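Let us walk through this fold step by step. Keep the sequence and the coordinates open side by side.

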Amino acid sequence: MSFFDLSNKVAVVTGATKGIGRGIVERLAEHGASVVVSSRRQAACDEVAAELDEDYGKNCMRIAHGVACDIERLEQIERLAERSAEHFDGIDILVANAAVLPFVGASRDTPPALFERILTKNLHNSFRLCQAVRPHMARRGGGSIVLIGSLAGLVPFPTLMAYSIAKAGLAHLARCLADEFAPDGITVNCVSPGSIRTASSARSGVDDDNRRSAAVPLQRVGEPDDIAGAVIYLASAAGSYVTGVTLPVDGGRSQLSPADRGVPTTHRRLWGTDLNAASGSADESLE
Ligand SMILES: NC(=O)c1ccc[n+]([C@@H]2O[C@H](COP(=O)([O-])OP(=O)(O)OC[C@H]3O[C@@H](n4cnc5c(N)ncnc54)[C@H](OP(=O)(O)O)[C@@H]3O)[C@@H](O)[C@H]2O)c1
């Protein structure tokens with residue numbers, strides 16, 4: 001059996017219908033896990049679940065199941081955990097991947113309500129999600145929680161102030177919960193992506209590979225698979241002695257000095273000089 005085998009494991013992934021989350025559920029299913037595909041739209045969840053069943057479920061019982069959940073709504077987070085555990089008789093893996101980014105711009109221009117929303121929905125609700133899955137993992141003798149952070153949570157990104165703080169909070173949430181959840185055999189870690197090629201980063205206009213790659217020591221933009229690899233490691237037997245860590249998956253960008261990292265100049269260039277014009281959309285890049 002492979003060191004990375006996830007047979008008989010049940011994984012719940014938020015934001016699983018597109019981008020990084022879609023890449024993660026693909027690899028989880030490929031490694032044998034039963035997967036709960038979650039995002040805000042039930043139809044999209046069902047569609048991805050059906051694709052995973054088609055590709056990986058041939059000799060198994062149904063391996064993928066769609067459950068809509070808006071991570072901005074606490075009651076839906078509770079329902080996601082309950083319905084997932086009920087459907088598959090427990091949960092072994094949680095990947096808290098979905099995030100909200102309703103404001104991009106200078107910190108002085110951040111409306112108080114949006115600042116609060118970004119912190120609450122990204123940080124507090126992830127905390128609630130971890131609490132909601134804990135009893136279902138404990139009942140199965142343990143589990144693995146992976147929070148998807150960001151390079152922006154490791155180094156300052158001036159135009160993403162509230163988001164950066166929330167993502168930094170996720171890294172510390174992993175450290176705090178690692179200790180608390182350890183007696184239940186649950187590991188809690190954070191994976192922090194750098195620039196990853198997804199629909200949201202393309203929509204925001206940050207899709208010029210040359211410009212994005214120039215700021216990366218490995219000289220390329222990341223792919224959802226780069227993040228999926230880290231998740232598979234942390235969720236499998238291979239990573240079972242790792243807890244409380246934050247793993248940057250960013251082509252080496254977080255290791256650079258601020259001047260070489262291209263922050264904030266890179267961001268000014270990428271987002272344009274009129275920062276307010278870029279704000280207010282949930283469709284902005286989630287770097
Ligand atoms: N892409 C990057 O360069 C990058 C870099 C660093 C960190 N990250 C982090 O990686 C994660 C995924 O980013 P991505 O680029 O893959 O995003 P994406 O391509 O925009 O995909 C977002 C996914 O989340 C779902 N979603 C959006 N809002 C939601 C909500 N309120 N509740 C539940 N699901 C929601 C979307 O489906 P619906 O719209 O149907 O709900 C979709 O499945 C985020 O945590 C982000 O902060 C991304």
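A helix axis here is a line fitted to C-alpha atoms over the stretch in contact, and angles between axes run from 0 to 180 degrees between N-to-C directions. With that in hand, look at helix H3 (residues 74-88) and helix H4 (residues 112-139) in this predicted model. Their axes come within 9 Å and cross at roughly 25°. Angles under 35 degrees count as roughly parallel, so H3 and H4 are roughly parallel to each other. The crossing of H3 past H4 is right-handed. On the H3 side, the contact is made by Leu74, Ile77, Glu78, Ala81 and Ala85. H4 brings Asn125, Arg128, Leu129, Ala132, Val133 and His136. By class, this contact has 7 nonpolar, 2 polar and 2 charged residues.

Step back to the whole chain. The protein chain has 10 helices and 7 strands. It holds 287 residues, and buried residues make up 52% of them. Now take the contacts between residues at least 6 apart in sequence: 74% of these join residues at least 24 apart.

Next comes helix H1, with two packing partners to inspect. Arg22, Val25, Ala29 and Glu30 of H1 meet Val48, Leu52 and Tyr56 of H2. These residues divide into 5 nonpolar, no polar and 2 charged.

The other partner is helix H8 (residues 224-235). H1 and H8 pack at an angle of about 50°, with their axes 8 Å apart. That angle makes H1 oblique to H8. H1 passes H8 in a right-handed crossing. From H1, the contact takes Gly19, Ile20, Arg22, Gly23, Ile24, Glu26 and Arg27. From H8 come Pro224, Asp225, Ile227, Ala228, Val231 and Ile232.

Which residues does valine 231 contact, leaving aside its neighbours within four places in sequence? They are Ile24, Val95, Val146 and Val191. In soluble globular proteins, nonpolar side chains tend to be buried together.

Finish at a loop. Valine 216 lies between helix H7 (209-214) and H8. Is valine 216 buried or partly exposed? It has 19 C-beta neighbours inside 10 Å, so valine 216 counts as partly exposed. The cut-off for buried is 20 or more. Valine 216 and glycine 252 are 36 residues apart along the chain, yet their C-alpha atoms are separated by 6.5 Å. Leaving aside neighbours within four places in sequence, valine 216 is in contact with Gly194, Ser195, Gly251, Gly252 and Arg253.

Note on methods
Residues are numbered from 1 along each chain as its sequence is written. This is a predicted model: local features need pLDDT of at least 70, side-chain atom pairs count only at pLDDT 80 or more; totals for chains, interfaces and linings use all residues. Two residues are in contact if their C-beta atoms, placed from the backbone, lie within 7 Å. Helices (H or I, at least four residues) and strands (E, at least two) are DSSP runs, numbered from the N terminus. Ala, Val, Leu, Ile, Met, Phe, Trp, Tyr, Cys and Pro count as nonpolar, Asp, Glu, Lys and Arg as charged, and the others, Gly among them, as polar. Angles under 35 degrees count as roughly parallel, over 145 as roughly antiparallel, 65 to 115 as roughly perpendicular and the rest as oblique. A crossing is left-handed if the near helix is turned anticlockwise from the far one by less than a right angle, and right-handed if clockwise. A residue is buried if 20 or more other C-beta atoms lie within 10 Å of its own, exposed if 12 or fewer, and partly exposed in between; C-beta atoms are placed from the backbone.
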